[in-house]
Structures are given as structure tokens and as C-alpha cells.
Amino acid sequence: MVLHNPNNWHWVNKDASTWAKSYFNENLPKISAEDNGVSAKIDSVLEVDGDVDVSQRKGKVITLFDIKIRLEFNGKTADDKTVSGTITIPEVAHDTEEDEYVFEISVYSDSREKEPVKDLVRQKIVPQLRKALGKFADDLIVEHGKDIQHASSASPTPPSASPAPTKAASSASQKPGTPVISHRGQVVNTVILCDTAEFQTTDQELYTTFVDPQRVAAFTRAPPQVFEPSIGGKFELFGGNVEGQFLELEKPKKVVMKWRLGGWPAGHFSKLTLVFDQGYDTTLLRYTWEGVPIGQEDVAKKNFNEYYVKSIKTTFGYFALLPAVIVLVAYYLYLEGFDGRNMKMVGDW
């Protein structure tokens, strides 16, 4: 950072929000806990949203920040049932004390048998998060205070020719990633997308919908040019506008693919991870999309929601069924002569 500020007298401000996202992404996923066969760990940082500044005037360095953090955790019950969910911290601010942080814990497809993991997160993970967040302000000053102040008798130093890229965590379900080089030598700046969609079906059925060639042909409205549902197998869909390769197939819980749109830089692939989390009567699809080129976020997300999520629901009827059931039952009762006003059968039942 270039400075011309004799005796560190004038106000100097530095935006450290990108560094903060990277800081949380590096440190918070290290947190885990285990007790009586129940385990849980912070898996990823989904969102870091807000302002983080380091400032100095009259020789004093201060921090001003106010951010919201959303984390994803994974765990297992004593009987080895997988549980996932989120932890939202609505306010992490420069004037917030360690014991004042609020933690909102939510479990995907919540049910009674998942409560032990949720309790472990509350009792063992949250205290560790408090300590980690409490260190943030000091670490922020140590990292960034040094380049907004001159040391005594020091001269301003010239800027470096090319600052090193910084890996960052999510913001609004997106997080800038480290620039990557495609196999054709292009440097591509990327982001990570995270989202969810709920389907009225089982995890087994939903998993099969993504890997069975006949089902894929049904929701894409055409037989795929190439579709090899095995590890290392390739696929081409939508007239070649989507192509990729299967990296992991964990029936019925997970599918991991190399995935690209035709308009992306030549040779550049993202990594799309689909996780199927079954609840009582629905399955939650959680996807993490690593390596989406910057500027293509909205296009990729819109196309996925339109041509995968919406098309699958429309084709196979994986919408919520309750309204349709009510209509059918009401129509059946009407045909059978049920008088709703008198709550009795009025025909020859």
C-alpha cells in the first residue's frame, strides 16, 4: 500500500474485506467436536457479508468491521446417520464482546433423530467459534496495520509489481476463488456458488434422476449425445452446450462432476458437487459449484435452476403434492355426494 503520510498524522483507510473472507475460510473449517459417538465439524464458509476496514490516524491503528457470517456443518449421530446444517452469526462487529455473539443453528430436513448433532454443535462447536471470532480483530491489525503506517524514519515503499491473488470466502452464497489456469494456459478468475432446492421424492429417486440416461433424456428433452454414468465417464447434454465428466458417484448421497458451459473459456471446467439430504417426506439438494468464471455466476445459476431443477420437478412431478391431493380428494368426495355443509353423505353410500 502506497503512503505519503509524514509522522502517520493523516487518516488512512484500507479495505480488508477480501482478506477477512479468506481468513474465516481458512480458520473456521478447522473447528470440530466429538462426544459419546456423536461428531460435528465446520465444513465450509457459505457467506461473509459486510464491511471490514483497518484505519489509522495520528499514529493509532483501529479496526472497524460489521459482518454477517454463515457456515455449513456436517456431523454424524451415534448410529452413523449423517446430519448437515448451517450456523448463522448475524453480527460480528468491532464492538461486539465474545459472549455477545448470537448463533442461529439450523439442520437440513430437521428431525428428532438429528437432535444429538445439533446439541453437540450448540455445546461444543459454538464455544470454539466464540474464541475464534474473538481473535479476529487482533489478527486483522497484525496483518494490515503494518502497511498503513510508516515505521520511524522510514520512507514510503514502492508498490509491488503484482499483488498475490487472495483466496476468499463466500459472499451472498458466492466466494471468489484463487485464479486458476485452464489446460489451454488461460488464467480464469472464478467464484464458488452454493444453493439448495427441495424435491418431493426420496434421495434414491433424485440421485437416479441425475445418473440414469433415460431420466436425463426425459428432463433435458433429448437423448444425451454422450452419457457414461461411471467414475471417469463423460457426458454431453443440451446439444453440447453442457459437457463434463463424473468424478464421484456415492449412491444415493452424492454426485461430483467436472462441468462446463459452452460459452466458458476454452478448456475451463468447474467442479459441481450435488449432495442429496433426505428428510421425512422430501429430499434437499445442496450444490456447491467451484470454479465458475467471474461474470458467469448469474447465467450458470439461472440455467441450472431452469434446465435442471425446474425441468426435473416438472417432468417427474417432484413438486409439493399436498395441494394436488386436496383437490383430488375434494373432487372424489363431490362425485360421491359428500355434502360439506352438513358434514354427511347424502347419496346412496
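Author: Happy to! A residue is called buried when its relative accessible area is under 20%, exposed when that area is over 50%, and partly exposed in between (1.4 Å probe, protein chains only). Glu 104 has a relative accessible area of 42%, so Glu 104 is partly exposed. The model is predicted: local features need pLDDT of at least 70, side-chain atom pairs count only at pLDDT 80 or more, and totals for chains, interfaces and linings use all residues. Residues are numbered from 1 along each chain as its sequence is written, and side-chain values use heavy atoms, leaving out hydrogens and water.

Glu 104 belongs to strand β6, residues 104–107 (helices, H or I, of at least four residues and strands, E, of at least two are DSSP runs numbered from the N terminus). Leaving aside residues up to four places away in sequence, Glu 104 touches Thr 86, Ile 87, Thr 88 and Pro 90, where contact means heavy atoms within 4.5 Å. Pro 90 is 14 residues from Glu 104 along the chain, and their C-alpha atoms are separated by 8.0 Å.

At the start of α5, a side-chain oxygen of Asp 212 comes within 3.2 Å of the backbone nitrogen of Gln 214. Just after the helix, Arg 221 has a positive phi of about 70 degrees. Ala 222 then sits in the loop between α5 and β11, and counts as partly exposed at 35% relative accessibility. From Ala 222 to Leu 237 the C-alpha distance is 8.4 Å, with the two residues 15 apart in sequence.

Leu 237 also brings us to a cavity: on a 1 Å grid over the protein atoms alone, a set of points where a 1.4 Å probe fits but cannot get out, lined by residues with an atom within 4 Å of a point. The largest cavity is lined by Phe 210, Val 216, Phe 219, Phe 227, Phe 235, Leu 237, Phe 246, Met 257 and Tyr 308. The elements giving two or more residues to this lining are α5 and β12.

Definitions and conventions
Polar contact = N/O pair within 3.5 Å; in protein donor to acceptor, adjacent residues only side chain to side chain. 1 Å grid on protein atoms, 1.4 Å probe; cavity = no way out; pocket = protein on both sides within 12 Å on 5 of 7 lines; lining within 4 Å.
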